[in-house]
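Me: I would like to learn how to read salt bridges and strand pairing from a model. Please take one feature at a time.

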Amino acid sequence: MSQTPITLPTFCYPKKDPENPCPCQDRPVELTHKTCVIFWQKSVGDSLRAGEVLAEAEADKKTVELPSPVSGRLVQRCVEDGDSITFEQVLGYIEGET
C-alpha cells in the first residue's frame, strides 16, 4: 500500500460557528505564508474518508479544518498537538486504500 503525505493546503475555509455566524466564515484563508498551530482530531490507526476532517489549525485568529487528502488509515503524525506548522510541511502520512 502506498503512503500519502498530509500537508497544509493552500487555502482552507474557517470552521463554521453556528452560534456566532459571520460572513468571514465563508471566505477561505490563504495558508501559503502563515504559521499555524495544529490540533489533531484523529489518532494513528484511525480510518479516514477523503475530505474528512483529520485536524484543525489556528491561523489568523480563525480555526480552519484540515481535510484528509485520500481515504485510508492514519499511519504517522510528524507533528504533535500544539506544534507550529507551515505551508508544504509534512504533517503525517495516510496509508491509502487499494
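**Salt bridges and a sheet**

Reply: The structure holds four salt bridges, a salt bridge being a side-chain nitrogen of Lys or Arg within 4 Å of a carboxyl oxygen of Asp or Glu. This is a predicted model, in which local features need pLDDT of at least 70 and side-chain atom pairs count only at pLDDT 80 or more, while totals for chains, interfaces and linings use all residues. Residues are numbered from 1 along each chain as its sequence is written, and side-chain values use heavy atoms, with hydrogens and water left out.

Me: Which residue meets Lys42 in a salt bridge?

Reply: Side chains of opposite charge can pair when their charged atoms come close. Here the partner of Lys42 is Glu52, at 2.8 Å from N to O. Glu52 lies in the loop between β5 (47-48) and β6, and Lys42 in the loop between β4 (35-40) and β5, so the pair ties together parts that are 10 residues apart in sequence. Strands are DSSP runs of E, at least two residues long, numbered from the N terminus.

Me: Which residues are linked with Lys42 in a network of salt bridges?

Reply: Arg49 and Glu52 are linked with Lys42 in that network. The side chains of Glu52 and Arg49 meet at 3.8 Å, N to O.

Me: Is Glu52 buried or exposed?

Reply: Buried means under 20% relative accessible area, exposed over 50%, and partly exposed in between (1.4 Å probe, protein chains only). Glu52 has 16% relative accessibility and therefore counts as buried; Lys42 is buried too. Arg49, at 57%, counts as exposed.

Me: Which residue forms a salt bridge with Arg73?

Reply: Glu95 does, with the closest N and O atoms 3.1 Å apart. Arg73 is in strand β8 (residues 72-77) and Glu95 in strand β10 (residues 90-96), so this pair ties together parts that are 22 residues apart in sequence. Arg73 is partly exposed, with a relative accessible area of 34%.

Me: Now the sheet: in what order do the four strands run?

Reply: Two strands pair if DSSP finds at least two bridges between them. In this open sheet the order is β7-β6-β4-β9, with antiparallel pairing. The edge strands, β7 (62-67) and β9 (84-86), each pair on one side only. From one strand to the next, the twist averages 40°, where axes are lines fitted to C-alpha atoms and angles run from 0 to 180 degrees between N-to-C directions.

Me: How many bridges join β6 and β7?

Reply: Six, in the antiparallel sense, with β6 covering residues 53-59.
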